[in-house]
Amino acid sequence: MMTAPISGSEPLATLLCNSAERSIVNGLHETARWCRDSGLHVRLYVFDDLADQREALLTPVRAIIWDGHSSWGDGPGVDGSPLDRVFGHDDRRITAEALIIGCCWGATSEFTDVIRRYLAAPTAYVGCLKRPGKTHGAIVFPPLLEALASLEPGADLDTRVEALREALDKAAADWPAVRPAEWKADRISPPPYG
């Protein structure tokens with residue numbers, strides 16, 4: 001697959017995590033380095049402040065990779081922050097064409113049912129149905145970003161989802177540990193409002 005560089009100053013993706021887990025931070029640093037070497041413009045944020053994380057997630061960009069540990073206290077969350085607490089402050093929504101969540105169980109319905117409430121439009125979504133172990137970071141994220149970069153901005157949602165599925169299949173062929181983690185690419189949509 002040929003990767004077409006993103007034109008202009010807008011980044012292809014936001015890479016986001018907090019500083020709590022060194023292996024997650026390192027995985028995103030490796031992903032950012034791979035992007036730089038591949039000519040892809042991404043922004044890496046390591047934010048511990050919830051307001052900063054929220055701003056990074058709501059800033060317009062083609063793709064978001066949000067990595068961390070899942071948490072389940074007051075509903076599904078990332079790194080101890082329930083998703084409703086991260087997003088539920090106003091009417092702003094996630095506008096990214098693709099949202100990739102690197103935490104355990106990020107593709108479960110419990111997780112996606114909350115995420116969909118904060119989407120501006122139908123979105124290509126990637127998450128893990130089980131525990132990603134060491135399959136995220138520099139193993140899964142670069143092929144996903146390469147797939148997205150090969151598409152024109154605003155590409156049809158089904159085209160984006162299919163490209164992400166093919167990237168996950170490629171990652172699983174190269175790294176057998178990807179398959180048992182059950183990474184999944186799908187489309188999710190905001191709920192209908194009445």
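Guide: A residue is called buried when its relative accessible area is under 20%, exposed when the figure is over 50%, and partly exposed in between, with a 1.4 Å probe and protein chains only. By that rule tyrosine 45, at 25% relative accessibility, counts as partly exposed, and phenylalanine 47, with a relative accessible area of 23%, is partly exposed as well.

Before going further, please keep in mind that this is a predicted model, in which local features need pLDDT of at least 70 and side-chain atom pairs count only at pLDDT 80 or more, while totals for chains, interfaces and linings use all residues. Residues are numbered from 1 along each chain as its sequence is written, and side-chain values use heavy atoms, with hydrogens and water left out.

Rings of Phe, Tyr and Trp (its six-membered ring) pair if their centres lie within 6.5 Å, and the planes make the pair stacked when under 30 degrees apart, edge-to-face when over 60, and tilted for the rest. The structure holds five aromatic pairs. One of them joins tyrosine 45 and phenylalanine 47, which are stacked, with 5.1 Å from centre to centre and 20° between the planes.

Another pair brings together tryptophan 66 and phenylalanine 87, whose ring centres are 6.0 Å apart and whose planes stand at 85°, so this pair is edge-to-face. It links distant parts of the chain, since tryptophan 66 belongs to strand S3 (residues 63-66) and phenylalanine 87 to helix H3 (residues 83-87), 21 residues apart; helices (H or I, at least four residues) and strands (E, at least two) are DSSP runs, numbered from the N terminus. Both tryptophan 66 and phenylalanine 87 are buried, and ring pairs link Trp66, Phe87 and Tyr118 into a cluster.

Serine 81 lies in strand S6 (residues 81-82) and, at 11% relative accessibility, counts as buried. Apart from its neighbours within four places in sequence, serine 81 is in contact (heavy atoms within 4.5 Å) with Leu50, Ser71 and Val86.

Turning to the whole protein, its secondary structure comes to seven helices and nine strands, and buried residues make up 51% of its 194 residues. Among contacts between residues at least 6 apart in sequence, 77% join residues at least 24 apart. The C-alpha atoms fill a box of roughly 40 × 35 × 25 Å, taken along the principal axes.
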